Amino acid sequence: MSFCGVGIVSGRQQLCPVAVATAYSSARRTDRRQSTIDEALGHARNIIDEQGVGAVSISEIARRMQMRPPSLYKYFPSLNALYDRLFEMGNVELSRYVDDARLSREPGLDQLLEQSRAIIRWSMAEPGLAALLFWRPVPGFEPSEAAFAPARAIVDQAREDLATAVARGELSPGADSEDALRLLTSVVSGIGSQQMSNEPGATYETGPYTGLLDDALQMWVRHYSP
């Protein structure tokens, strides 16, 4: 039996060739695994775009990847586990989109309203993922806490904006409340739901309901006017 450790040659650390090969092999397996996961999620998103959230299945993704369905279960132990990854992916993308939209806006009311517009703009561009995030199209599916975390961060940003807007005198004290936040999200989600259910092929700029978003937001602002 041979033993290979770490040696010192000319003042430099020398790694065991076996250890290097093992680490390299492990890294390659990790890369291949992630590549397979990414490919599967890409196919899942294509299915959502083509047929809707409910059409996603392990068997159809496996068929598109030219592999047997049991092989795909090594990466996603259940269909709900696949939906959970899609849910997290959508929330991460939405969170980044919202953060980018907020950058050029003033803290408080300006950022809050732009965040609301950004959520609808992203939803119009990604209607399939938006349906998974904001509705309940998959019976029995509940997102994990990790997948839901980016959404909680967006809501926390809105709470901070409300507090800042009240402190700056942009809104009345009543706006710094859960009721005000619920009313705002109801206004925003109502516009989005009406648009996507009545004219899903429209863009944010051309949609008859999204065109009313700023008017609806100003109604909410007037309700909490100082």
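**View 1. Helices α4 and α5 cross each other in this predicted model.** The two axes, lines fitted to C-alpha atoms over the stretch in contact, come within 9 Å and cross at roughly 135°. Angles run from 0 to 180 degrees between N-to-C directions. The pair is therefore oblique, a word for angles that are not under 35 (roughly parallel), over 145 (roughly antiparallel) or 65 to 115 degrees (roughly perpendicular). Look for Gly 90, Leu 94 and Tyr 97, which are among the α4 residues that meet α5; including Gln 115, Ala 118 and Trp 122, the α5 side answers them. Helices here are DSSP runs (H or I, at least four residues), numbered from the N terminus.

**View 2. Glu 88 sits in helix α4, residues 79-102.** Beyond residues up to four places away in sequence, Glu 88 touches Ala 146 and Ala 147, where contact means heavy atoms within 4.5 Å.

**View 3. The largest nonpolar core holds 57 residues.** Such a core is a set of buried Ala, Val, Leu, Ile, Met, Phe, Trp, Tyr and Cys residues joined through side-chain atoms within 4.5 Å. Phe 76 is one of those with the most contacts inside this core. Helix α5 gives the most, with eight residues.

**Notes.** Residues are numbered from 1 along each chain as its sequence is written. In this predicted model, local features need pLDDT of at least 70, side-chain atom pairs count only at pLDDT 80 or more, totals for chains, interfaces and linings use all residues, and side-chain values use heavy atoms, leaving out hydrogens and water.

Methods: Helices (H or I, at least four residues) and strands (E, at least two) are DSSP runs, numbered from the N terminus. Buried means under 20% relative accessible area, exposed over 50%, partly exposed in between (1.4 Å probe, protein chains only).
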